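Student: Could you take me through one part of this model closely, strand by strand? I would like to see how the pieces pair up.

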Amino acid sequence: MNKYIILTISQETIKNEKIISTCAVIEFNSNDLALSAMAADTVSNGTCGENLTWTLDSDGLLTISGEGDMENYSHYPFVPYYTYMQDIKTVIIENGVTSIGDFAFASCDSLTSVVIPDSVTSIG
């Protein structure tokens, strides 16, 4: 199973060099690297398709996982994680998800990064 690391550097001065806000997502195979890190707390989770689940953590990471299509929503208030849309900063859609539903990330104003695997063949 592949794992993801999200690195974010805010704008600040480090050793007299200005760093501009950057976000990188690194994918690695857990067999290749042993890494220990403190995991963020789960804020909420649920389903977003017949065989798909979503999890939002306290760092603003929304992970969509499972096999198959995400549901299509007629408007963003019907998205199951609607209450948390302003908290979502990064979305990782895991391999196995085959579509991203209509309005899935509408009104996610803090969203800065989305990882979409090759298994996704349809968006909206």
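Tutor: Two strands pair if DSSP finds at least two bridges between them. Strands (E, at least two residues) are DSSP runs, numbered from the N terminus. Please keep in mind that this is a predicted model, where local features need pLDDT of at least 70, side-chain atom pairs count only at pLDDT 80 or more, and totals for chains, interfaces and linings use all residues. Residues are numbered from 1 along each chain as its sequence is written, and side-chain values use heavy atoms, with hydrogens and water left out.

Let us start with E6 (residues 52-57) and strand E7 (residues 61-66): they run antiparallel and are joined by 5 bridges. Within this pairing, leucine 56 has leucine 62 of E7 as its bridge partner. The hairpin of E6 and E7 has 3 residues between the strands, and there glycine 60 takes a positive phi near 85°.

E6 also pairs with strand E5 (residues 42-49), again antiparallel, through 6 bridges.

Isoleucine 100 counts as buried (under 20% relative accessible area, with a 1.4 Å probe and protein chains only) because its relative accessibility is 6%. Setting aside neighbours within four places in sequence, its contacts include Met70, Ile93, Phe105 and Ile116, where contact means heavy atoms within 4.5 Å. The C-alpha atoms of isoleucine 100 and threonine 121 are 8.6 Å apart, with the two residues 21 apart along the chain.

Note on methods
Helix = DSSP H or I, 4+ residues; strand = E, 2+ residues; numbered from the N terminus. Buried < 20%, exposed > 50% of the residue type's maximum accessible area, 1.4 Å probe, protein only.
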